[in-house]
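Student: I have a structure open and would like to go through it. Can you take my questions as they come?
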Amino acid sequence: MVEKNKILKWLEYYTQSPHKPGVYWFMNAKGGVIYVGKAKDLKNRLASYTQLTQLHGKTKLMVMEAMSLKFEVQESELVALLVEAELIRLHQPQYNILLKDDKTPLYIYVTRDIYPQVKTIRKKEVKRLMVREGLTKQDIFGPYQSAYRAKEILKMVRPIFRWCDHPMTGKQLSISAVQKEGPIVRPCFYYHIGRCSGACLGKISPQEYQKMIDQLRKFLAGKSTEVLRFFKERMRTASEDTEYELAAQYRDGIRLIEGFLKPTFKIKPDLQLPKLYESIVHEGLLHLRKEIRQFYSLSKDYPLHRIEGFDVSNIQGKNAAVSMVVFTEGKPDKANYRLFNIKSIDTPNDYHMMKEAISRRQKHPEWGQPSLILIDGGRGQLRSALSVWNWEVPVVSIVKNPDRLVIPIFEDPTQPSMTNIKYHFVHFPVDHPTLILLQQIRDESHRFAKKQHTKLRNKNIIS
């Protein structure tokens, strides 16, 4: 039985919400996120949770477990959809089912047929499709890290661009033109509900259909201003020609575009997400795990309890030292810092020095198992560390100008090989919690290495 004061609490949250699109999330007594949702109308959606006697199954269990509810208004339902998908993938809430295990990025692509179709494809099939069908980057959009999100986007914009899933082929068009007996195929499902322009019946010319598909390409590429301009011009022309039904279609399209998306917004995987936790460190670790999981075979709740940062300090190879700093739960753990004095080489070769330190680190399992290794440097330093790293722990680096995360990409993440290794650069906003965390680890490893290098140099000067 739900207590009366809890009912009043939900009513309090409900009354504070506006009639606007947005995302919302429930948190349990321990401060953990247990559900993330999106709504076209926040007040109406949150009001449904106050009808406690009508809730069933997991929804009722969730409401009974939840101790707080928060929300954030978004500029449109489409933006709310994208933010919801990213938050679910990031936080892995207990009561969300969709999106959590969707690991393979999905792309939206447009075919090169007489009547182009709009489809989705997995990342591993993109290159093969480009070769087989002659598609270019202008025909493929993404990646979207969730199939659910990509399909929801298409579902929401279909009333605007009204493409056809089963258009007439060139052969069918030729036969129809010769026989002049009207359509030789049945209309598709979407034609019956007004979300297909009639390409399945030959009711729209390939040229006119292609113009609408071109506008869809621009919309998916984030060029919504151009799309709105096209629709407004078409609406004006249709109205002047007394084609009022056609003008009304363009008018509805304009309203939908303006309702879904502001001209400045682009449909892309990277969004400025609301922070669900007050702890910046916690948020930083969550985002860091999300980025790494895209390229490493890690569990969805892979812990980043212990991050080890490495940096090399020397002057022309002299008095070289490599630092190993440890951040436990995102905070410096100075009791576990270690130093490696490099004596095998006294010439400038940071790559060799990093290899030596990483090799020596692996000889000390008693120090504890790291969750992640962070190298200070670019691809060269990262590759040097990877060449001698044998533990099943991900290794990444942070490079300067501007500061960004570097993640190695292996053909088979379960069996990393130095052959054909590629690198993925992640550019975070300057105030992003993950970037702040990475910079702290980098700066601390640099400070610690430089301190030891200075100590060795002064010692040699005195001696």
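Student: How are α4 and α12 oriented to each other, roughly parallel or roughly perpendicular?
Tutor: This is a predicted model, and in it α4 and α12 pack at an angle of about 95°. Angles of 65 to 115 degrees count as roughly perpendicular, so α4 and α12 are roughly perpendicular to each other.

Student: Which residues are those helices, and how far apart are the axes?
Tutor: Helix α4 covers residues 77–91 and helix α12 covers residues 280–293, with the axes 9 Å apart.

Student: Which residues make the contact?
Tutor: From α4, E86, L90 and H91. From α12, E283, L286, H287, R289 and K290.

Student: How many of the contact residues of α4 with α12 are nonpolar, polar and charged?
Tutor: Two are nonpolar, two are polar and four are charged.

Student: Is C164 buried or exposed? And C196, buried or exposed?
Tutor: C164 is buried, with a relative accessible area of 0%. C196 is buried too, with a relative accessible area of 1%.

Student: On to the core. Which residues in the largest nonpolar core touch the most other members?
Tutor: That core has 54 residues, and the ones touching the most other members are L288, F310, V322, I358, I375, V395 and L405.

Student: Which strand gives the most to this core?
Tutor: Strand β8, residues 318–328, which contributes six residues.

Student: Pick L405. What does L405 touch, leaving out residues up to four places away in sequence?
Tutor: L288, E291, V396, S397, H424, F425, V426, F428 and L438.

Student: What is in the second, separate core?
Tutor: The second core has 37 residues, including V110, F161, Y209 and F219. In soluble globular proteins, nonpolar side chains tend to be buried together.

Student: Now the whole chain. How many helices and strands are there, and what percentage of residues count as buried?
Tutor: The chain has 15 helices and 14 strands. Of its 463 residues, 50% count as buried.

Student: Last one. Among contacts between residues at least 6 apart in sequence, what percentage join residues at least 24 apart?
Tutor: For the protein chain, 62% of those contacts do.

Methods: Residues are numbered from 1 along each chain as its sequence is written. This is a predicted model: local features need pLDDT of at least 70, side-chain atom pairs count only at pLDDT 80 or more; totals for chains, interfaces and linings use all residues. Side-chain values use heavy atoms; hydrogens and water are left out. Axes are lines fitted to C-alpha atoms, for helices over the stretch in contact, and angles run from 0 to 180 degrees between N-to-C directions. Helices (H or I, at least four residues) and strands (E, at least two) are DSSP runs, numbered from the N terminus. Angles under 35 degrees count as roughly parallel, over 145 as roughly antiparallel, 65 to 115 as roughly perpendicular and the rest as oblique. Contact means heavy atoms within 4.5 Å. Ala, Val, Leu, Ile, Met, Phe, Trp, Tyr, Cys and Pro count as nonpolar, Asp, Glu, Lys and Arg as charged, and the others, Gly among them, as polar. Buried means under 20% relative accessible area, exposed over 50%, partly exposed in between (1.4 Å probe, protein chains only). A nonpolar core is a set of buried Ala, Val, Leu, Ile, Met, Phe, Trp, Tyr and Cys residues joined through side-chain atoms within 4.5 Å.
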